[in-house]
Amino acid sequence: MISAFFIFNQKGEVLISRLYRTDFKRSIADVFRIQVVSNSDVRSPIITLGSTSFFHVRVNNLYVVAVTKTNANAALVFEYCYRFITIAKSYFGKVDEESVKNNFVLIYELIDEINDFGYPQNSEIDTLKSYITTESVISTAHAAEESAKITMQATGATSWRRGDVKYKKNEAFVDVVETVNLSMSAKGTVLRADVDGHIQMRAYLSGTPECKFGLNDKLVIDKHDRGASGGDGVELDDCRFHQCVRLNEFDSDRLISFIPPDGEFELMRYRATSNVKLPLRVIATVNEIGTSQVSYTVSVKANFGNKLSATDVVLRIPTPLNTTIVDCKVANGKAKYVPAENVVIWKIPRMQGGQECTFTASAELTSTTTRQVWARPPIDVDFQVLMFTASGLIVRFLKVFERSNYHSIKWVRYLTKASGTYQIRF
Amino acid sequence: MSIRAPRKGENYELSVDLNSEYRDKRKDAIKKVIASMTVGKDVSGLFPDVLKNMQTEDLEQKKLVYLYLMNYAKTQPELVILAVNTFVKDSEDPNPLVRALAIRTMGCLRAEKIIDYLCDPLQRALKDDNPYVRKTAAICVAKLYDLKPELVIDNGFLQQLHEMISDSNPMVVANTVTALTDIHTNATSSHPPPSPSDPALFTITSSILNKLLIALNECSEWGRVAILNALARYTTRDDKEGEHICERVVPQFQHANGSVVLAAVKVIMIHMRTIRREELSKQLIRKMAPPLVTLLSSPPEVQWVALRNVNLLLQKQQDLLSNEMRVFFCKYNDPLYVKVEKLDIMVRLANDSNVDALLSELKEYASEVDVDFVRKSIKAIGQTAISIESSAERCVNVLLDLIGTRVSYVVQEAVVVMKDIFRKYPSTYEGVIPTLCANLEELDEPEAKASLIWIIGEYAEKIDNADELLSIFVDTFTEESYQVQLQTLTAVVKLFLKKPDSSQGVVQRVLNTATKDCESPDVRDRAYIYWRLLSTDPGAAKAVVLAHRPPISIPRITVPPALLEELLGEVSSLASVYHKPAETFIGHGRIGADSVQRKGAELSDDRFTAQKALQTVVAGQQAENLLDFDDAPTQEGEPSGLAATQILPSSPAAANFLSGTSTNPLDDLVSIFGGMSASGVGSGGNGGGMGGLGSVSPPTASYVSSPLDSLTSPTTATTQNPQEDLLGLF
């Protein structure tokens, strides 16, 4: 499938090159450099040259590239590239040129472990970390036993969990994180509002715990058998689970049961489009006065109970390309014109529920000869609201069963946020 | 033979370090060697020195040495033999990780000498009691088959693999399936093709099927993809079995990994064909929609693959995502390739109830920065107008607004789109014509000019100053591009037939210029034909030139049905992303044109991609030759340089392209005569067929959007050039 795997830096220099199959020579990397890295007009993540296809993903100025000569499974190749990035992040903290150069030995070790002959193998971070480490492993009799255990686990039905986990205090943390996507038209009608949610779990539980997880009493997944929903019901358009969740049980009885990996993992991802509660209401009036001035009035209102508050609210308000100076007035937070990005950034550190903040500004423009009209990119709002879910999803229970019958403590936290997805046109 | 490095320089220093008495120094040296290897320096001279460090307790060091060996074993076959002992010893190590590592590496060495020593350890590894070793060994069989198929067959490895499908460990099962599939593909692509009884072929029987269905729920995500792919190849015996498979596979829609979801979609699409219970098929389709939409929150590359596949699925199952148009709205920061795909899908999902939302969205996009995307959005407005009749008026209003912006490329694209709307709804929006004519001077692109000229000619009787407007183009006739000349010619003749009194002078002038001063034979020929028609029988000229044209329509499918079925069986593959059969881009890039014709037409849904693809194919030909230079002797008979350019036409995409351009003028001629004899548009199709493009144009293509002879006409979905020419003529 994947015949070769490369990592390039921004200049097109090869940082990592691994050929899984012999249908290529190392010089294939030059072709990628010529065709993609030094080509400013690349309009597709897959480039096919002759019979050779290059799949590339960009991360922090690096190109992660997989090459194949077959009619490969494109989704799988990209998922694999992203998996590699996730693994690398978890090993070195960040994935950039420096960290790749500093860890190239480890990277080679990893990409040989998670891919054999071009076919992805076990790529569970937790398990990988148990036998591919930054310290060198000396093969001794003791290690042999240890390895036997690890390998059994790496290939077993619960490849994500070691059997011998022990904690003094058995705890499980559940974080429900929702990202709100909003696109609102200039007239204030909602063009699109949906929620991408994921439930992140940190399980510090001993032994092999069997968990059962319960959401709202009225959990509706399939739109077609949606009855009169209301009260504390929640409608999800779709959900996806970590591979530890027994999909067939969920399919038949809507039961989320699993043996969790040790430590942090994403238990579930879901999508909701109905009854989305928008935490911030933004109303913008932007007028172009002649050709030399633009006036702004932007107000933002926190649309939730006054016990909660939104933090790190950042509005990015676009200005025309030929703006020279922006005069901003705000009562809350700080607003600053950033010429490099052609936006005014208005930061409000904290907004109590029900609070309303207003921004007024006027931008001076220089006269230009081009007739290109201003594209008016949308205003982008980033924020975080703790203990609030835009979809209305609630975790009802998390039950843990283990042979030793220990007592476990569970914590649940909710967070609704937006970053680059909450857009208001004007 | 290895040549020892000279006694100085980087390699010499490395070799000293590799022989150092200190372990750390040796290990560092190995790391440096690997680093040099990565950047492409030749460190093969250090082979013996690196090899000395193979025997070690340090797993990391061992892996590094192995990595080096995998790269250079082929160039140092005599020395590799020295490594065999360590490999064989490692394969009996008590540590399963070491055993697996030895097996994995030996399979990658690709040196004849090693292979002979591989069989015994492999035999043992396949029966190892540690599943990690077994799963590695399974893949190793595929590696060995790739090198020396006889060895695999003689040693009975294939039977062993077949037994391993029943292994208790799900990952072993998954890798076994992967290995068997790999061997199967390897065997089927060999020449001559294998006999049906070839042991290398992996036929999935019903007993294997059951084992796979059990393993499916337990193995890793990648293993699931492998198993799902195998399930997709199974031929069901009856509809019961198909139902059973579908029911077992549906839960995989909820998997977090997008490739598992798409693999499951593939299995369902294939086995749904056998299902006769309508209700069940409906239910399956319904369950398929949400996971597909969820894929839109994946990283952009995965999203794009999903979108390309959704595009295919929609061509088969129109109602798949009928209420989901809004989720395809573009985000401002989506990459362009995602936006373009979303646009296409939005137009497909448009209907009476959501068309307003769509139009306001499209209008928004038309004010964005990227020219290409803006143009595509405007085209999409035209497509919406043509496919949804009730929305046409609103579309026209949006287009007028856009023309009002007076941004050059927006106006030009809008004019092209207006022309299509006139084709679909003749004589409905004539009120727009003055606005269009007012922008005459804005136009500098041939297609936009040609479109406007066509409109003027078509409605000459209603435009008071049509003769003035057309004279502008007649004045600059010789400077205009070929398609503008053809349009001017036809439009002036139309004008003359409609208003003979005021335009005698213009028609005389244009015919004169076209026949005397024009370089293009097509323009000259057309001018002569018009001239002769006009002079012998004006009545006939009227019947021909002013003939009634059938309105255009947009086909629901852009991929020929047979190909569509094939591609749906390959969901998520490269072929499904490109909407082209796999043979067009794999198999060394050069296959006979006949094998492509077998697939029927494969002109892509828009010319843009077709041309892009062609460019990459062309570039690839050169690239391949670029790659071949360093081992020319082994690639005998493969021309490079100039010779390589000569074989270009044999690559299918290039052939299509060449025929696409070169037959155009010819078609023109043919269609002229076709039209002459029948003096009706009905013969247009035949005329086109005679043009020699028959194999390329799908029989289902009925969308003739452009009255122009344009290769790049973008709104045309599966344009039939010949037919277009004919229509343009009349």
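Me: About how many helical turns separate D372(B) and K376(B) in helix α20 of chain B?
Reply: This is a predicted model, and in it the two residues both belong to helix α20 (residues 371–387) of chain B. An α-helix has 3.6 residues a turn, so residues three or four places apart point the same way. Because D372(B) and K376(B) are four residues apart in that helix, the separation between them is about one helical turn.

Me: How far apart are the closest N and O atoms of D372(B) and K376(B)?
Reply: A salt bridge is counted when a side-chain nitrogen of Lys or Arg comes within 4 Å of a carboxyl oxygen of Asp or Glu. D372(B) and K376(B) do form a salt bridge, and their closest N and O atoms are separated by 3.8 Å.

Me: Is K376(B) buried or exposed?
Reply: The cut-off for calling a residue buried is a relative accessible area under 20%. D372(B), with 24%, is therefore partly exposed. K376(B) has a relative accessible area of 16%, so this residue counts as buried.

Me: How many salt bridges does the rule find across the interface of chain B and chain A?
Reply: Over all chains, the count comes to 53 salt bridges. Across the interface of chain B and chain A, the number found is ten.

Me: Which helix gives the largest share of the side of chain B that touches chain A?
Reply: Between chain B and chain A there are 38 residue pairs in polar contact, with both residues at pLDDT 80 or more. On the side of chain B, the largest share is nine residues, and these come from helix α33 (residues 607–628).

Me: How large is the area buried between chain B and chain A?
Reply: The size of an interface is often given as the accessible area lost when the parts come together. Here the contact takes 121 residues from chain B and 102 residues from chain A. In chain B, T38(B), W222(B) and Q254(B) lose the most area to chain A, together 8% of what that side buries. Carbon and sulfur atoms give 54% of the buried area, which comes to about 9,700 Å².

Me: With which side chain does the side chain of E221(B) make a polar contact at 2.5 Å?
Reply: E221(B) is found in helix α13 (residues 221–233) of chain B, and at 4% relative accessibility this residue counts as buried. Not counting residues up to four places away in sequence, E221(B) touches residues of both chains, including S123(A), E124(A), H255(B) and N257(B). At 2.5 Å, its side chain makes a polar contact with the side chain of R83(A).

Me: How many residues apart in sequence are the parts that R376(A) and E288(A) tie together?
Reply: R376(A) and E288(A) form a salt bridge, with the closest N and O atoms 3.1 Å apart. R376(A) lies in the loop between β22 (356–365) and β23 (379–386) of chain A, whereas E288(A) lies in strand β16 (residues 280–289), so the parts tied together are separated in sequence by 88 residues.

Me: How many residues of α15(B) are buried?
Reply: Chain B comes to 37 helices and zero strands, and 62% of its 730 residues are buried. Helix α15 (residues 258–271) reaches 20 Å from its first C-alpha to its last, close to the 20 Å expected. This helix is mostly covered, and the count of its buried residues is 14 of 14.

Note on methods: Residues are numbered from 1 along each chain as its sequence is written. Chains are lettered from A and ligands numbered from 1 in the order in which they are written. This is a predicted model: local features need pLDDT of at least 70, side-chain atom pairs count only at pLDDT 80 or more; totals for chains, interfaces and linings use all residues. Side-chain values use heavy atoms; hydrogens and water are left out. The expected span of a helix is 1.5 Å times one less than its number of residues. Buried means under 20% relative accessible area, exposed over 50%, partly exposed in between (1.4 Å probe, protein chains only). Contact means heavy atoms within 4.5 Å. Buried area is the accessible area (1.4 Å probe) that two parts lose on being put together, summed over both. A polar contact is a pair of N or O atoms within 3.5 Å; within protein, one must be able to donate a hydrogen and the other to accept it, and residues adjacent in sequence count only if both atoms are side-chain atoms.
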